[in-house]
Amino acid sequence: MIRSLVQLGAVAGVVVSLGGCSLLSTPDPVQNYRFGLPLDAPSAEGDTPAPLSVSIRRIEFPEATGDDRILGVTGTETAYIGGARWVSPAATLFDDSLKAAFANRADQIRVLGRREPGTPPLVLQVTVTRFEARYNAPGATPDVVITARAQLRSTPERRTGGDAAIRPEQGRSVERVFTVTQPAGENRVSAIVAAFDTATRDINTQIADWTIQSAK
């Protein structure tokens, strides 16, 4: 469980330690934010279907950052940014942004729905290990740091030979760790959110391009 230790410094006067909430007689207003590429309705398939198709497993996120709170880190000390929340859990927004990055490459690859029948030829699993605003010192302008491990595996094919039982052939798996560091323009909530937005778009674009190249 994450510990909230000390105030990370004034992020426009709204970064507070989690333990200090009991001192307030009334809760501070909360502003909701979002990040990443928006997920639009899927476009209709053209006459020429995409040469590749992939199934994206549900994004795995650290417990400390997978919900709607925004985490700040200074050294070994952590705190959530007060008065600011994601409009949806960060894991959901990141998942939508990743699928949108693939949707922008619909002529090269199609993302299969998680409930579509059949065995997908390619399966992508993305595990986010870091999703935080990192401060070099209390009150400094932070960098947003996102690290994700992507694993792409091909589904083993099944063949039948004479009276032999159906047996799977060996598939293959490749993986890569992606890290994006995006400086916030200033130590304000709006600037930090903008850095999360840019970093998420960047890392998901890299993952989509890597998936296409690896599949080829």
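Me: What share of the contacts with a separation of 6 or more comes from residues 24 or more positions apart in the protein chain?
Reply: In the protein chain, 75% of the contacts with a separation of 6 or more are accounted for by residues 24 or more positions apart, where contact means heavy atoms within 4.5 Å. This is a predicted model, in which local features need pLDDT of at least 70 and side-chain atom pairs count only at pLDDT 80 or more, while totals for chains, interfaces and linings use all residues. Residues are numbered from 1 along each chain as its sequence is written, and side-chain values use heavy atoms, with hydrogens and water left out.

Me: How many helices and strands does the protein chain have?
Reply: The protein chain has 2 helices and 10 strands, and along the sequence they follow the pattern β-β-β-β-α-β-β-β-β-β-β-α. Both kinds of element are DSSP runs numbered from the N terminus, helices being H or I with at least four residues and strands E with at least two.

Me: What percentage of the residues count as buried?
Reply: Of the 216 residues in the protein chain, 39% count as buried; buried means under 20% relative accessible area, exposed over 50%, and partly exposed in between, with a 1.4 Å probe and protein chains only.

Me: Changing topic, how many aromatic pairs does the structure hold?
Reply: The structure holds 8 aromatic pairs. Rings of Phe, Tyr and Trp (its six-membered ring) pair if their centres lie within 6.5 Å, and planes under 30 degrees apart count as stacked, over 60 as edge-to-face and the rest as tilted.

Me: Why is the pair of Phe61 and Phe94 called edge-to-face?
Reply: The planes of Phe61 and Phe94 stand at 70 degrees, with the ring centres 5.6 Å apart, so the pair is edge-to-face. It links distant parts of the chain, 33 residues apart, with Phe61 in the loop between strand S2 (52–56) and strand S3 (69–74) and Phe94 in helix H1 (residues 90–103).

Me: Are those two buried or exposed?
Reply: Phe61 is buried at a relative accessible area of 17%, and Phe94 is buried at 0%.

Me: Which aromatic pair do Phe61 and Phe131 form?
Reply: Phe61 and Phe131 form an edge-to-face pair, 5.3 Å centre to centre with 70 degrees between the planes. Phe131 lies in strand S6 (residues 122–135), 70 residues from Phe61, and counts as buried at 3% relative accessibility. One aromatic cluster is formed by Phe35, Phe61, Trp86, Phe94, Phe131 and Phe196.

Me: And at what angle do H1 and helix H2 pack?
Reply: H1 and helix H2 (residues 189–215) pack at about 50 degrees, with their axes 9 Å apart; the axes are lines fitted to C-alpha atoms over the stretch in contact, and angles run from 0 to 180 degrees between N-to-C directions. That makes H1 oblique to H2, since angles under 35 degrees count as roughly parallel, over 145 as roughly antiparallel, 65 to 115 as roughly perpendicular and the rest as oblique.

Me: Where is Ser97, and what does it touch?
Reply: Ser97 is in helix H1 and is buried, with a relative accessible area of 0%. Not counting residues up to four places away in sequence, Ser97 touches Gly36, Leu37, Thr200 and Asn204.
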